[in-house]
Amino acid sequence: MNLHTLTALELRSRLDCGSVKPQDILTDLRSRYEAVEKKVMAFARPPSFEYRDTAVAGGALKGIPVVIKDNICSQGDRTECCSRILEGFVAPYDATVVDKLKKSGASIMGKANMDEFAFGSSCETSCFHPTKNPWDLDCVPGGSSGGSCACVAADEAIAALGSDTGGSIRQPASLCGVVGMKPTYGRVSRYGLVAFASSLDQIGPITKDVRDNALVLGVIAGHDDHDATSVDTSVPDYLSQMQKDIRGMRVAIPKEYFVEGMDPEVRHAMMEAKAKLESLGARFGEVSLPHTGYAVAVYYIIATAEASSNLARFDGVQYGARQMAASKDESALIGMYKETRDKGFGAEAKRRLILGTYVLSSGYYDAYYLRASRVRRLIKEDFDKVFREYDVVLTPTSPTPAFKIGEKMDDPLSMYLSDIYTISVNLAGVPAISVPCGLTRSGLPIGMQVIGRPFGETDLYRVAFHYEQSTSWHKQKPKL
Amino acid sequence: MNYEPVIGLEVHVQLKTATKAFCGCANVFGTRENTNICPVCLGLPGSLPVLNEKALKAAMKVALALGCQVRSFTKFDRKNYYYPDLPKNFQISQYDMPFSEHGSLDICLEGGIRHIRIKRVHLEEDAGKLIHPEEGAESLVDYNRAGTPLLEIVSEPDMHSPDEAYAYLTDLKLILQYLDISDCDMEKGSLRCDANVSLRPAGTTGLGVKSELKNMNSFRAVRLALEYEIKRQEAELSDGRSVVQETRLWNEKKQMTLPMRSKEEAHDYRYFPEPDLPPFVISASEIEEAKQGLPELPKEKRSRFIASFGFSDKDAATLSATRALADFFEACLKLYDKPKKIAHWLIGPVSFQMNSRGQDIGGLRLTPASLIELIDLVEAGKISQLAAKEVLQEMLESGKPAGKIVEEKNLSQVSDAGSLSSVIEEVIAANKKSVDDFRAGKENAVMFLVGQVMRLSKGKANPKTAREMLIERLKS
């Protein structure tokens, strides 16, 4: 049996008729793991293939194993954000999404590799090991949810959760040829997600196809009393509502996203996707999102500012790896802080924490944080304006397909630019999905991004689902 | 040169809500270390704060009682600094948009009423507590207190003497107690006060360089620290030196302020809006509701006591000195429509008992009904004032009702001439000098003799009857 190649919904029907037992799926996944994990290295640490019955009778994910990113707390499990500073931290509580998964009958199989604290676009800043792109083991899977996307692409997992602060679900989904959704800010509870940038972070599903994605989002979405930023609005039945065809849907193409010098293969794939959607009845128009050019700068101010504060708690006092003062010349306390953080954080984390500390400093706050917050509002207003006339916006997810491991590690700016198409979405708080829409000549996946209005996830699933139904990109598998 | 002190006070008050400010942990004092904690108040990775609406409601009461304007749109901010008692290494506080500002407090001093402006009142969370054991090189942290709702009340620099500061604190505490939102116990840390003080040449209006005084554990200590600091600054300025802006700690043992050890204290708190708590709107109707819910405040109560019952300023102040006593008085009034009599009892014998027992009214075994029973006995002439004090004492000891004690101790007042005449004869025979004085025209001498009758009758004689009988007997 090749259960590991199936989708959650395909497995569900087998589970429902009794032809497959939950443990069968895990056993099959174990052999897949043993066969390919050495190449892909998608997990933060070895997962568990023992079925733990959550005693839920007939939940939507009954018997389906789910992998979660290493920055999502699950009770009794190591949750280390792939950082040395959290070495040995065992979460004493379940994140709300984990609680919801368990209540829907899913079993948490293990934790996926990621860029340290989600700081990165290549999965290379993990303190454990870099994850490889299953389509080309010399390439990165993207990041920061690179492990979550790679394990789904490599059929080492049925479905996974990632987190997306500036593209961390969509960019690796695109590079790995899987479906990744960044929901509307407030759609999914962040309680239990180790915060990177609180005003931007969202948890979302990473799956083999659109239907599974809608299924998982339906489980994890919804208001949570533990997250004041989660929004109290009902969760639609995505799976049934996305069936509605897309005739007459208005799709915007932002001219700022299609510029001279863009990767020709990406451009070609997008043009084909546009033609396909037009054939399905969508109506296209060109729009402008004039403040797009500021998005990366605004993002790296706001996200790092929030991160510098969110990560201040990693100081060696309560948990994680504590280092004692290196020198007797300073106070034991200051010395502990310095050593713990110096040894505990990797280079990219330090770069971002220093940047974030700087932009909040007295004398610089107005010029950086405050100004960035104002431009952020303009970026949001750009989207508001477009959504008055259009239902969704279509863009590439990533400017390029997967790049080589090591290629951008010494060039942070070019690494930051790999999120150029995804960052605005987080700043505006709107939802977006990445769906496979092509392969390069060298066989690397290309993804298209569909952006929707706040709480317009149903629109995104509609477009993505009907597109997927009329193409076969999602059925392509990497040869491992 | 003559200098005028300029004083501003920063008061922190823990709100006694059922749960903490941003999580569901019980908000209690004195539980075992690190037992009253959860992922949120520990700031564990992934945890998020959610505002306790009741803390905001309590905070609004204080703001409105101090005449502050409540903002319709407000937010929380993060104050970033590293300290091991601060689980997240930032404190959720309010920076540039406190939920209320521009209030005032009128304080009564001998020289008259002074108007002290309140700059702002804002809501934040308390930190944990460091414990430094005598033995061992390590410090410990108790996070039970972390996340307790804390109100910061900041005055303008409108006070000009330690006495004014003392009066401000006393009046502020009284208001907080009336609102029933805090224990206001400085020893337990539920009320804390920092003081900013600077000097300026008398008659000028600028502001001098200030020092910030911390670590005062009582209002008395605030006054002493300010007195010390004013003298110290005066000496510095008179000697031609300048005052350094610094934080100084009050040392209770040495009775002096000492500079906090050299610090990289030029803190940059890197305030920014708390992204985990969306800004929120306080509607006009919520403000109105909070206003309607305010109890009568001390100043209003005093005025009403004076106007309605004809009390003196002093008596009105004594009766409203705590909300409990004022409530007790008003409960008595419902049972017994003689305010002056009740006031007499509360300010006299009951206060005496409270002072000698070191209890407040709630700590005495006395209810409005039991006090009124006692007053009734006196007013009906059944027991004398003197006996009544003994009955009160016994009531507080045993908790028995007054009537029962009178019966048991046989304290009923004697008013019939027959039973009294033998006592009177005895007194006249034993106090020849007073008898002579009276007969020589010193009418006051009779009071001494009445007193002797009371003594001999063990307080049971009705003094009015005794006096009448004595005069009649001596004049005959």
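This briefing describes the chains of the structure above, beginning with chain B and its parts and then turning to chain A. The model is a predicted one. Chain B is divided into three parts, namely domain 1 (3–287), domain 2 (296–409) and domain 3 (417–475), and its secondary structure comes to 15 helices and 16 strands. Chain A and chain B touch each other, through a contact that takes 34 residues from chain A and 24 residues from chain B.

**Overall form of chain B**

- The radius of gyration of chain B is 29 Å, well over the 23 Å that the globule rule gives for 476 residues, so chain B is more spread out than a compact globule.
- Along its principal axes, the C-alpha trace of chain B spans about 95 × 55 × 55 Å, and 39% of the 476 residues of the chain count as buried.
- When contacts in chain B between residues at least 6 apart in sequence are considered, 68% of them join residues at least 24 apart.
- B:M1 is found in the segment before β1 of chain B, and it is exposed, with 8 other C-beta atoms within 10 Å.
- The C-alpha atoms of B:M1 and B:T318 are separated by 40 Å, the two residues being 317 residues apart along the chain.

**Domains 1 and 2 of chain B**

- The C-alpha centres of domain 1 of chain B and domain 2 of chain B lie 37 Å apart, and the contact between these domains takes 5 residues from domain 1 and 4 residues from domain 2.
- On the side of domain 1 of chain B that touches domain 2 of chain B, helix α2 (residues 162–179) of chain B gives the most, with 4 residues.
- Sorted by class, that side of domain 1 of chain B has 4 nonpolar residues, 1 polar residue and no charged residues.

**The nine-stranded sheet of chain B**

- In chain B, 9 strands form an open sheet with mixed pairing, in the order β2-β6-β7-β10-β1-β11-β12-β13-β14.
- The edge strands of this sheet are β2 (69–70) and β14 (256–259) of chain B, each of which pairs on one side only.
- Strand β1 (residues 3–14) of chain B runs antiparallel to strand β11 (residues 191–201) of chain B, the two being joined by 11 bridges, and within this pair B:V6 stands opposite B:S198 in β11(B).
- Helix α2(B) packs on the sheet, where it touches β1, β6 (100–109), β7 (112–125), β10 (149–155) and β11 of chain B, and the direction of α2(B) makes about 115° with that of β6(B).
- B:Q255 is found in the loop between β13 (246–251) and β14 of chain B; this residue has a positive phi of about 55° although it is not a glycine, and it is exposed, with 12 other C-beta atoms within 10 Å.

**Where chain A meets chain B**

- The contact takes 34 residues from chain A and 24 residues from chain B, and α9 (295–310), α10 (332–344) and α11 (347–360) of chain A each supply at least two residues of the side of chain A that touches chain B.
- The largest share of that side of chain A, 3 residues, comes from α9(A).
- By class, the side of chain A that touches chain B has 17 nonpolar, 11 polar and 6 charged residues.

**A buried strand in chain A**

- In strand β10 (residues 445–452) of chain A, 8 of the 8 residues are buried, so the strand is largely enclosed by the rest of the structure.
- Both faces of β10(A) are covered, with A:P445, A:G447, A:Q449 and A:I451 buried on one side and A:I446, A:M448, A:V450 and A:G452 buried on the other.
- Strand β8 (residues 392–396) of chain A is joined to β10(A) by 5 bridges, the two running antiparallel, and A:T395 stands opposite A:Q449 in β10(A).
- Strand β9 (residues 432–439) of chain A also pairs with β10(A) in the antiparallel sense, over 7 bridges, and here A:G438 stands opposite A:I446 in β10(A).
- The hairpin of β9(A) and β10(A) has 5 residues between the strands, and in this hairpin A:G443 takes a positive phi near 85°.

**Backbone details in a loop of chain A**

- A:S144 is found in the loop between β2 (107–112) and α4 (146–153) of chain A, and the peptide bond from A:G143 to A:S144 is cis, with omega near 10°.
- A:C123 is likewise found in the loop between β2 and α4 of chain A; its phi is near 65°, a positive value in a residue other than glycine.
- With 34 C-beta neighbours inside 10 Å, A:C123 counts as buried.

Methods: Residues numbered from 1 in each chain as written. Chains lettered and ligands numbered in written order. Predicted model: local features only at pLDDT ≥ 70, side-chain atom pairs only at ≥ 80, totals over all residues. Domains from an automatic or database assignment. Contact = placed C-beta atoms within 7 Å. Nonpolar A, V, L, I, M, F, W, Y, C, P; charged D, E, K, R; others polar. Pairing = 2+ DSSP bridges. Axes fitted to C-alpha atoms, helices over the stretch in contact; angles between N-to-C directions. Rg over C-alpha atoms; globule rule 2.2 N^0.38 Å. Buried ≥ 20, exposed ≤ 12 C-beta atoms within 10 Å, placed from the backbone.
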